[in-house]
Amino acid sequence: MTLRLLLLLGAGALPAAAGAQVAPVTRSVPVTASAPPVCAIREPIVAAGGQINFRGLNGNTLQIDHLVDPHTLAAAAASVNITFDAVCNYPHRLILEAQNNGLWQTSQRPPDAPPGFAYAVPYTATIDWGVEHGRLEADAKVRRIADRSILVDHPTSGEITIRLEIDAGASNTQANAPLLAGSYGDTLRITLEPQ
């Protein structure tokens, strides 16, 4: 003999549920966010190739190997490319600023240069950022801030490249003038800011 057991659980509800249409229930949850306008610049690095008479970077300081030609004491030629990884997610302005408008003596007292001697060295800084290009002429005629401003009408990401160049014999007095002894320097500042 076989015993068959049929269990009907909720048997009273089965016929009604089988014939009814069940509509899905949905709810919307809005998700919002905003990206603030931001620009960022990383630390500089010396780019490969094109480096002449520069030792490289020590932190953020770029050092020229030999500022003067040992035979004439006039400024020696020097050039270097440095790059900064950067990003700016909105239209902005790029500013390249030379604090002293050239390489000037860093001593505390102003130089009293005898006739025929130079006491500052001019240089050029060429800058590339995305599709934008500019050039800063730090002519060393007057110790002052010199700057170059470039409007960038679109967000940009990639590398800012600066090429620094000192021509052989460059000076603030006359070509090939011997340079007074001392330490020389300038500060270049790169700024990305709202237009």
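Mentor: What follows takes labels from this predicted model and sets each against its cut-off.

Trainee: Why is the pair of cysteine 39 and cysteine 88 called a disulfide?

Mentor: The S to S distance for cysteine 39 and cysteine 88 is 1.6 Å. The cut-off is within 2.5 Å, so the pair qualifies as a disulfide. By this rule the count for the structure is one disulfide.

Trainee: What makes this pair a tie between separate parts of the sequence?

Mentor: Cysteine 39 belongs to strand E1 (residues 39–41) and cysteine 88 to strand E5 (residues 78–88), so the bond ties together parts 49 residues apart in sequence.

Trainee: Why is cysteine 88 called buried, and what is cysteine 39 called?

Mentor: Cysteine 88 has a relative accessible area of 1%. Buried means under 20%, so cysteine 88 is buried. Cysteine 39, with 24%, is partly exposed, because that class runs between the 20% and 50% limits.

Trainee: Why is the contact of glutamate 193 with arginine 93 called a salt bridge?

Mentor: The closest N and O atoms of glutamate 193 and arginine 93 are 3.4 Å apart. The limit is within 4 Å, so the pair counts as a salt bridge.

Trainee: What makes arginine 163 and glutamate 165 a salt bridge?

Mentor: Their closest N and O atoms are 3.6 Å apart, and the limit is within 4 Å, so arginine 163 and glutamate 165 qualify. Glutamate 137 and arginine 135 form another salt bridge, at 2.5 Å. The structure holds five salt bridges.

Trainee: How do the residues lining the largest pocket divide into nonpolar, polar and charged?

Mentor: The lining divides into 21 nonpolar, eight polar and six charged residues. In total 35 residues line the largest pocket, with Thr61, Leu62, Leu164, Asp186 and Leu188 nearest its centre. Of these, Leu62 counts as nonpolar because Leu is on the nonpolar list, and Asp186 as charged because Asp is on the charged list. The space in this pocket is about 840 Å³.

Technical notes: Residues are numbered from 1 along each chain as its sequence is written. This is a predicted model: local features need pLDDT of at least 70, side-chain atom pairs count only at pLDDT 80 or more; totals for chains, interfaces and linings use all residues. Side-chain values use heavy atoms; hydrogens and water are left out. Helices (H or I, at least four residues) and strands (E, at least two) are DSSP runs, numbered from the N terminus. Buried means under 20% relative accessible area, exposed over 50%, partly exposed in between (1.4 Å probe, protein chains only). On a 1 Å grid over the protein atoms alone, a cavity is a set of points where a 1.4 Å probe fits but cannot get out, and a pocket is an open set with protein on both sides within 12 Å along at least five of seven lines; lining residues have an atom within 4 Å of a point. Grid points are joined across faces, edges and corners, and a volume is the space filled by probe spheres set on the points. A salt bridge is a side-chain nitrogen of Lys or Arg within 4 Å of a carboxyl oxygen of Asp or Glu.
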